[in-house]
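Hello,

Here is the structure we spoke about handing over. Please have a look, then read my notes below.

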Amino acid sequence: MNPELRATSRIVSAKGGTLDFVSLEGELLASIAIPAGMHYAKDYLELVPAGATVELSEGLVALDPPHRCASQPYSPDGEEVSGANPDFQPTSARRNELEMRLLLSRMGASTKRLEAREKALAVIERIPSPEPVAAVPEAAPVVPDEDVKPVVK
C-alpha cells in the first residue's frame, strides 16, 4: 500500500494515468486506467488484492483533503473574534443552581460545625453523678382493726 494513498485521499490527474497493483515480490498484478480529473481513492483501494501495494503512474497525484479540525488563534480582543453571544442572559435555571449550591454549602458547614461541637463535648470530663440513696425499708403492712366495721352503702 502506498503510504501517501489513504481512503480519504483524492487521485488527481490532468491527462489520466494508471494505478498499478504490485505484489511484494515486485510482480505487476493489475493495472487500472484512471481518467483525467479528480477521483476518490476509496473507490480504487477496495480493489487492491491482499498483500499488494499501490503505485501511481506518472501524471497521477494523490492529495489529502484539508483537515476538518483547525486551531483558531486567540487575540487580545478575543471576545469579539470568538463569536460569543454578547446578548447572552443567564436563565433562571442558572440562578436556581447557584442558590442550591449556596444552600448545600451552608448545610455542609452546619454539619461540620455540629460534628466539631460533638467532638469537643466528647472530650470534656464528666462530673460523676452521686450514688443513689439507699432504698427506704418497707413499712410493715397495715392491718385493719377488727372492731372497725367497713362501711357499706
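Which residue in strand 4 does Ile-11 stand opposite? Ile-11 faces His-39 there.

First, the ground rules. This is a predicted model, where local features need pLDDT of at least 70, side-chain atom pairs count only at pLDDT 80 or more, and totals for chains, interfaces and linings use all residues. Residues are numbered from 1 along each chain as its sequence is written, and side-chain values use heavy atoms, with hydrogens and water left out.

Now the sheet. 3 strands form an open, antiparallel sheet in the order 4-1-6. Strands are DSSP runs of E, at least two residues, and helices are runs of H or I, at least four, both numbered from the N terminus. Two strands pair if DSSP finds at least two bridges between them. Strand 4 (37–40) and strand 6 (61–63) are at the edges with a single partner strand each, so one side of each has no neighbour in the sheet. Strand 1 (residues 10–13) pairs with strand 4 over 4 bridges.

Next, the salt bridges. The structure has 4 (a side-chain nitrogen of Lys or Arg within 4 Å of a carboxyl oxygen of Asp or Glu). One of them joins Asp-64 and Arg-6, with the closest N and O atoms 2.5 Å apart. Asp-64 lies in the loop between strand 6 and helix 2 (78–81) and Arg-6 in the segment before strand 1, so this pair ties together parts 58 residues apart in sequence.

Another links Glu-97 and Arg-94 at 3.2 Å, N to O. Both lie in helix 3 (residues 92–123), 3 residues apart, about one helical turn.

Best wishes
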